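Here are my notes on the model you sent over. Have the structure open while you read.

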Amino acid sequence: MSSLKSKLQSAGLAVVAIAVSVLLAEGASRLVVDAADFLNVDPVADAYLGHKLAPGAGGHDELGFRNRSVPAQANIVAIGDSMTYGSGAPRDGAWPQQLAVLSGDSVYNMGLGGYGPLQYLHLAGHQAKQFKPKQLLVSFYFGNDFIDAAMLPQNLPNWASWRPSGAASAPAAAPAVAPSEAAPKPTKRGGALRDWLSRHSVLYGLLRTTVLAPFAVAEQKKLADKMTPDERMSWSDPAAPDIKTVFTAQQRASAQDQTQPTMREGMEITKRAFAAIKDEADKQGIPLRVVLIPTRERVYCAYLKSTKANLPPAHLKLCDLEEANKTELLQAFQAKGIAYVDPTAAMEEQVRQHVQIYPPTSDGHPTSLGHKVIAEAVLASLKKP
């Protein structure tokens, strides 16, 4: 009994020592790194935006956006979704923050994951005004903005009038493959604990993006091996094998297929929303530029074809769908006099130069290097009349 008691005491001391060490490491992590780069934050509901982040949550600013502080004035306001927020990249790696460094101008990042054209309209007409900007940048991401535009009027009464005539009384048909379901996430061991840690521990977030990153890549490759190439396709650059990524072509193609009623509705709402954003910008006397963000799968289309990669049908379909959708959208922009920036060609060039502008996982958000390409394209556009 004495021996057992001694062992239990030793074990208890070890547990306490480990707990104290973890708490000290957590505190040190919060002092050294940016919490907004490593914490997942649960959103709160909003009657017009659908969701937003609470003031100051997880290292975000007092308006709930991914900036270090809220300035009294910003010459440039950038509005968008997770592609503008900079998901998967450090805060300073997001293209609005990189644009600020490259241009030497003040830029306020008003991007948040899950937003779409109608949220962009609301932000342009309300929160963005307080900064008295001299330039308004609104991004459009082909990977999910059509479906975001279609679904918001169905989910929020304040946007119900945006449904096309004859559609308000009946919900639009769901896409054949819902984007949120087309590419299942890897099954995680201890998923509940890991999700909790991702929301509360900066230390865990730091470890996840450094020490644990290779394990995540291996985990996703195993998942891709169990799925069809249309759903997930692991790929290595034949000229630079260290450059890897995982394509999710079926997911991206389904969110752009204009033969589906929901996507068609999303296209029409998108065109109306950007026309309204242009009217709002004109009313405020602010120049507007739309930043077109392509999908990763579209960026790689030309290079994959040039290297004679065995592309699955969904990827070939997406290459055509996205170009057709861009053409239709640009026709609407030109009719309304909306200026735009298209960084696709610059991103394709980086792919040809074997630069890792997307992560080696199925995450379709650009790396900091990818965001830099977007920022440079925007800056070049801003220098032109």
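How many helices and strands are there in the protein chain? There are 16 helices and nine strands, taken as DSSP runs (helices H or I, at least four residues; strands E, at least two) numbered from the N terminus.

1. Ground rules first. This is a predicted model, where local features need pLDDT of at least 70 and side-chain atom pairs 80 or more, while totals for chains, interfaces and linings use all residues. Residues are numbered from 1 along each chain as its sequence is written, and side-chain values use heavy atoms, with hydrogens and water left out.

2. Overall picture: 49% of the 385 residues count as buried, meaning under 20% relative accessible area with a 1.4 Å probe, protein chains only.

3. Have a look at Thr-295, in the loop between strand E8 (288–293) and helix H12 (296–299). Thr-295 counts as buried because its relative accessibility is 0%. Its side chain makes a 2.8 Å polar contact with that of Glu-322 (N or O atoms within 3.5 Å, one able to donate a hydrogen and the other to accept it; residues adjacent in sequence count only if both atoms are side-chain atoms). Leaving out residues up to four places away in sequence, Thr-295 also touches others, including Tyr-141, Arg-252 and Tyr-358 (heavy atoms within 4.5 Å).

4. Then the helix pair: the axes of H3 (residues 95–103) and H16 (residues 368–382) come within 8 Å and cross at roughly 55°. Axes here are lines fitted to C-alpha atoms over the stretch in contact, with angles from 0 to 180 degrees between N-to-C directions.

Conventions: Buried means under 20% relative accessible area, exposed over 50%, partly exposed in between (1.4 Å probe, protein chains only).
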